[in-house]
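Hello,

Please find the structure below, as promised. My notes on it follow.

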Amino acid sequence: MVFNSIEYLIFLPLVVVLYYLIPHRHRWILLLTASCVFYMWFVPKYILILLVTIIIDYSAGLLMERDADSPKKKKRWMVISITSTLLVLFIFKYLGFLNDSVVALCQSLGLNVNTSVKLILPIGLSFHTFQSMSYVIEVYRGNQKAERHFGYYALYVMFFPQLVTGPIERPGNLLRQLHEEKSFNENNLARGLRLILFGFFIKMVVADNLGGYVDEVYAHPEEYNSWSVWLAMVFYSFQIYGDFFGYSTIALGSALLMGYEISDNFRSPYLSKNIAEFWHRWHISLSTWFRDYVYIPMGGSRVKFGRWMYNILVVFVLSGIWHGANWTFLFWGFAHGLLHIIEKALRSSFGKQEPSGIPSHSKFIQGLLNLLGVVRTFLLVTLFWVMFRSTDFANMKAMFTAAFSQFDGGRQLVIDPKLWLFLGLFMLSDIILRGRRFDSWCEDKPVLLRWSICALMVFLTIVFSSVNNFPFIYFQF
Amino acid sequence: MKKLLIHITVIAALLVLMNWIYTQWFYRDDLLEHSDLVVSSWQVAADSCELVYLGESSNKTYGYKDKDKRKISEMIAEQLPGVRCGDITQDAAHAEVYYYLLKNIPKGNQIHTVVVTMNLRSFGANWIYSSLETALQKKLVLMKGYPPLMKRALLAFKAYPIHTKDEWGQKAQDSWTKTPLCFPYPFPYKTTREWNRAIAYEGVKDSLGNRDQAMTELTSHFIKNYAFQIRDDNPRVKDFDRIVKLAEKRGWKLVFNILAENTDRAQELVGDDLLFLMRENVEYLVKRYEARGVTVVNNLEAVRDIEFIDRSWPTEHYYETGRKIIASEVAERIRN
């Protein structure tokens, strides 16, 4: 089931009402059943894959706790659990890609190899496998007690608001909350509804309306002039942000209706002054996952310069590959890693020096430099998104070629003027919120303003939503 | 409790206000952009038509050799002098589309007769689960009978079946697998799927006894398009029932035009068993709707093979003579 569907508009209120009607001890059954229904709405049989990973990781947690006195055994259970979870991920997400790459390599060497692996990627596989792994690692590290109740553990992995697209939760936050008794809270209800409304506006009005133009140009970049191609590239930056941010916000709101606070995934990423800051603000739950479970165990930054560079590149390449089984994603991750290293190297060389002639207290100059940093980071991220969005290297090449060599010829993208208004509202909201959540920003506003904003969002969402179907971009991951 | 009631009242008032704003300034543009079909419904009323013909591609398709390229509806009009005729033609349309087209004809018009095309194939799984359905159903959302703002919300939240071509195909396959075929005599295949698989396996042979792939595929198309039995729960039957009720309400004389199918080819390629099903289905429709006061024109076997344009796919696209035959039959029944 997708959030921006009529089914979800019926499903969610039904679950919330039932949730508060039944006693706490039975709520896990309701939420687990609801989560199964939510997931099975896509392809029912794939719930079996989820079940397999849940059973393995639940058992591993208990076994690690049982063998807490034997580090060797404990580690063995962790390795078995992580390996099997990664194996599931590999089979469904990467086996086809690996097969195609090997076939292409063999064919380029003149060998006649023609095998094919066609498996449909279960929706949200990368998200729930990572969430499952974080539980196993936390139990192994002793930060989390193993969950004894199978139902609660299954619910931790399957909690429907964040099941298919995250945020990737940690057991310390979500599993703990699932055990807590939540009573009806009017304030949570209002905040949750506001978040859902805001999410719908961002996803359905901004992102989906941009999507049409982006798809058009990416399908035939050679037909458009460079200005249009650049416009499509910028539009994609906002489309993917609006799409993911909107969806995450609906997830946050949906969970909050039942009293659950799940993690923020975005904090105005396009206001970042450098790539490092961007990654602290974009898809935060994934960035922190890689930081805590890959980067720091590899030594983080407390190693020699060469090794540190290697650590950064590994994390970014893994992050790229996490997104999708395609060379374009790997390339995208590598480019971000490389830029991250260059920026850090430059900052460590020049960062401590004051620009000559500029007084350190000049707020104007500092503001200007910050603005330049924001623009530069946005442009670089936008260029990198081309690798992410392109279907393959040929498409990427065509986009870059068109962006830099067709200033005089080609078609001009004709934009509906309303789109600028929606985009402007989105950018304005990002600047106003500056990392705050929409629900908390609303709280201290006068009632009339609050209601007016919400009414406007309802109207804009209903009247100006794209009528075309744009599946959530991160579903494919 | 008081606070809750105030909230509900404010929300209701806001929704009414939004609906008014939307209806005043945005609804018409949305209709024209996303449900352009509705323009045809408005047009027949604006043109003061007395007879409206609803059809799909069969109405407007003509052959390259045709001297007379007119639509079936125009040929009918020629035979009904003094009656102002109009048509609403939409590719791949079926009874549900016709229902909403008729529903959207403004009241206070001069229409007294409505001719609705009844395409036998549209009752089968191949058409019910056609990949064109997603686009058609999307067009219908704004034509339904809810307040305009609600219809726009339904469109925004995609309250219509969204499936890929493969998914639609799978639905058709499921229907062919699960729906039994009942003959009053022994028949070797229990379902359409079994029948189709047997044909695909055995293949159609040419004069030299070799497998003729093109003919095998055509035979398979005939089976997939006509090997079904119409029952009361068929979605198209329900739609035609709604059309009958609507016509009664609006005081229209209703004519169902059962289109001619290429029965010659069906018999030649598949045999009498398929023809039996086709005739049985038409009998069902004639009986059902004549009992409800509808004039049903049965053209099933009125047109010969030579008059069908498409040779590699069963359609209701006729050359000039074929269209004239259909038009004459319909005009004749309207006159009487």
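**A buried arginine without a partner**

R250(B) is buried but takes part in no salt bridge, and the nearest side chain of opposite charge, that of E248(B), is 13 Å away. Please keep in mind that this is a predicted model. R250(B) belongs to helix α13 of chain B, which covers residues 235-250. Leaving aside residues up to four places away in sequence, R250(B) touches L102(B), K103(B), I105(B), P106(B), K107(B) and N109(B).

**Salt bridges elsewhere**

Side chains of opposite charge can pair when their charged atoms come close. Over all chains, the structure holds 45 salt bridges.

Helix α13 of chain B, where R250(B) is found, also holds D241(B), whose side chain meets that of R288(B) in a salt bridge at 2.7 Å, N to O. R288(B) sits in helix α15 of chain B (residues 272-290), and the two partners are 47 residues apart, so the pair links distant parts of the chain. Both R288(B) and D241(B) are buried.

R279(B) pairs with E301(B), with 2.9 Å between the closest N and O atoms.

In chain A, five residues are joined into one network by salt bridges that share partners: R191(A), E261(A), D264(A), R437(A) and D439(A). K203(A) and D208(A) also form a salt bridge in chain A, their closest N and O atoms being 2.9 Å apart. K203(A) counts as buried because its relative accessibility is 0%, under the 20% cut-off. D208(A) is buried too, with a relative accessible area of 1%.

**The interface between the chains**

At the interface, 23 residues of chain B are in contact with 20 residues of chain A. About 1,900 Å² is buried between the two chains, and carbon and sulfur atoms give 74% of that area. Which three residues supply more than any other three of the area that chain B buries against chain A? They are M18(B), F157(B) and K158(B), with 37%.

One salt bridge is found across this interface. It joins the side chains of E186(A) and K3(B), at 3.1 Å from N to O. Nine residue pairs are in polar contact between chain B and chain A, counting pairs with both residues at pLDDT 80 or more. On the side of chain B that touches chain A, the elements giving two or more residues are α1 (2-25), α2 (27-34) and α9 (148-156) of chain B. Helix α1(B) gives the largest share, eight residues. Sorted by class, this side of chain B has 16 nonpolar, two polar and five charged residues.

K158(B) is in the loop between α9 and α10 (165-178) of chain B. With a relative accessible area of 6%, K158(B) is buried.

H283(A) is also a residue other than glycine with a positive phi, here near 40 degrees. The loop that holds H283(A) runs between α10 (275-281) and α11 (284-295) of chain A. H283(A) is buried, at a relative accessible area of 1%.

**Two further positions**

S220(B) is in helix α12 of chain B, residues 213-226. At 13% relative accessibility, S220(B) counts as buried. Not counting residues up to four places away in sequence, S220(B) touches N196(B) and I199(B).

V102(A) is part of helix α4 of chain A, residues 71-108. V102(A) is partly exposed, because its relative accessible area of 41% falls between the 20% and 50% cut-offs. The C-alpha atoms of V102(A) and T115(A) are 9.4 Å apart, and the two residues are separated by 13 residues along the chain.

Regards

Conventions: Residues are numbered from 1 along each chain as its sequence is written. Chains are lettered from A and ligands numbered from 1 in the order in which they are written. This is a predicted model: local features need pLDDT of at least 70, side-chain atom pairs count only at pLDDT 80 or more; totals for chains, interfaces and linings use all residues. Side-chain values use heavy atoms; hydrogens and water are left out. Contact means heavy atoms within 4.5 Å. Buried area is the accessible area (1.4 Å probe) that two parts lose on being put together, summed over both. A salt bridge is a side-chain nitrogen of Lys or Arg within 4 Å of a carboxyl oxygen of Asp or Glu. A polar contact is a pair of N or O atoms within 3.5 Å; within protein, one must be able to donate a hydrogen and the other to accept it, and residues adjacent in sequence count only if both atoms are side-chain atoms. Helices (H or I, at least four residues) and strands (E, at least two) are DSSP runs, numbered from the N terminus. Ala, Val, Leu, Ile, Met, Phe, Trp, Tyr, Cys and Pro count as nonpolar, Asp, Glu, Lys and Arg as charged, and the others, Gly among them, as polar. Buried means under 20% relative accessible area, exposed over 50%, partly exposed in between (1.4 Å probe, protein chains only). Lys and Arg count as positive and Asp and Glu as negative; His and the chain ends are not counted.
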